[in-house]
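The entries follow in the order of the search.

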Amino acid sequence: MPIDACRDYSLTGPNAKASGFGSAEWYASPAPRKRIKELMKRSDRLALTNYGTWLGLVVATGVLLVAVWGTAWAWPVALVYGVFYGSGADSRWHETGHGTPFKTRWLNDAFYHLASFMSLRNPHLWRWSHTRHHSETVIVGRDPEIAFPRPPSIGNWVLNLLYIPAITKELGKMVRIAFGNLTEAEKSFLPESEWPKTFAASRAHLLVLALVGLAAVTLQSWLPLFLIGLPTFYGSWLHHILATTQHAGLAEDVPDHRMNSRTFYLNPFFRFIYSNMNYHIEHHMYPMVPFYNLPALHEEIKADCPPAYASLLACYREMVPAVMRQQADPNHYIRRPLPAGAGATPTYERPVIAAE
């Protein structure tokens, strides 16, 4: 049936119960079982090297910001600090949310809660939201993290590149949840047993932000807010420019991550900020592989996957025309080519939704 006949993206609408993809068998590129087990091994050393470097850069640029505050150097230093704080944290709450970077669980949990606060994300709500995202990736009515529904709003699409609507929405969500209110959509994926912890986390985040605001008033200075809180607003843009490539313009309602996710090559600095999530097909296909092993996983399965894009610019050259075309034609999407000999994409027909 035509795609635009069933574009209800809400988690409480007819597609939420009629998708049928929960029982679908998702495609996985073949790889030696022994090799995959090797790549799934977690390392405190590798994780601490990456996370320690990141946190050290946040602290170092934060100290520098304090030192130059009130001078012309404050603005460029704040920009750099914001990228390490906002964009760096946004990729790291995601990784530690999977529990894969560190072998030691408490280290995963500690960095997860720290990065979740720095990203202004509720750690419990987002853990369960992201679990659903991985189990039913870009399945309409089931995936709570479809960022670009069809037909897309170009205005929202551009603003989301800079994280502008999303971050204000997260802040409003924090306040709402702190008062014990969950939407029906949130209740659809968040177990009731998690509700008290979810409420407590938002209250804790709000309390810290309130104390930072109080410090700013007491000191009669914006500096405390530029160190904690505001960097999420002005520093997350780089992460979101990178993250927009993950699924935008690609197929919906197909149990094959090669068709709904995008892998591309990046320079080392951007890969550091983004935690190697440019290898996004690999991450979705084998989500228990730590981020530092994704380049090796890419080499292992790339012969079975669409060719990786050569650069971030190459992704946008394809994405932008596709998203523009989807305004008039919601059925349009980018069909990624598979190399000769690659496994076929599984076919799955969404059940027809009876008209009410």
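This is a predicted model: local features need pLDDT of at least 70, side-chain atom pairs count only at pLDDT 80 or more; totals for chains, interfaces and linings use all residues.

I then placed Thr-198 in helix H10, which covers residues 195-219. Leaving aside residues up to four places away in sequence, I found that Thr-198 touches Asn-122, His-124, Leu-125, Ile-177 and Leu-190. I also looked up Leu-182, which lies 16 residues from Thr-198 along the chain; their C-alpha atoms are separated by 9.6 Å.

Next I turned to the aromatic rings. I noted a count of 13 aromatic pairs. One of them joins Phe-269 and Phe-270, with 6.1 Å centre to centre and 50° between the planes, and it is tilted. Phe-269 has a relative accessible area of 41% and is partly exposed; Phe-270, at 23%, is partly exposed.

I then recorded the pair of Phe-291 and Tyr-292, which is edge-to-face, with 5.1 Å centre to centre and 70° between the planes. Phe-291 is buried, with a relative accessible area of 3%, and Tyr-292 counts as buried at 16% relative accessibility. Which cluster do ring pairs link? I found that Phe-291 and Tyr-292 belong to a cluster with Tyr-51, Trp-54, Phe-102 and Phe-111.

Last, I checked for charges over rings. The charged end of Arg-92 sits over the ring of Phe-272, 4.8 Å from the ring centre. Arg-335 lies over the face of Tyr-333, and I noted 4.1 Å from the ring centre.

Methods: Residues are numbered from 1 along each chain as its sequence is written. Side-chain values use heavy atoms; hydrogens and water are left out. Helices (H or I, at least four residues) and strands (E, at least two) are DSSP runs, numbered from the N terminus. Contact means heavy atoms within 4.5 Å. Rings of Phe, Tyr and Trp (its six-membered ring) pair if their centres lie within 6.5 Å; planes under 30 degrees apart count as stacked, over 60 as edge-to-face and the rest as tilted. Buried means under 20% relative accessible area, exposed over 50%, partly exposed in between (1.4 Å probe, protein chains only). A charge sits over a ring if NZ of Lys or CZ of Arg is within 6 Å of the ring centre and within 35 degrees of the ring normal.
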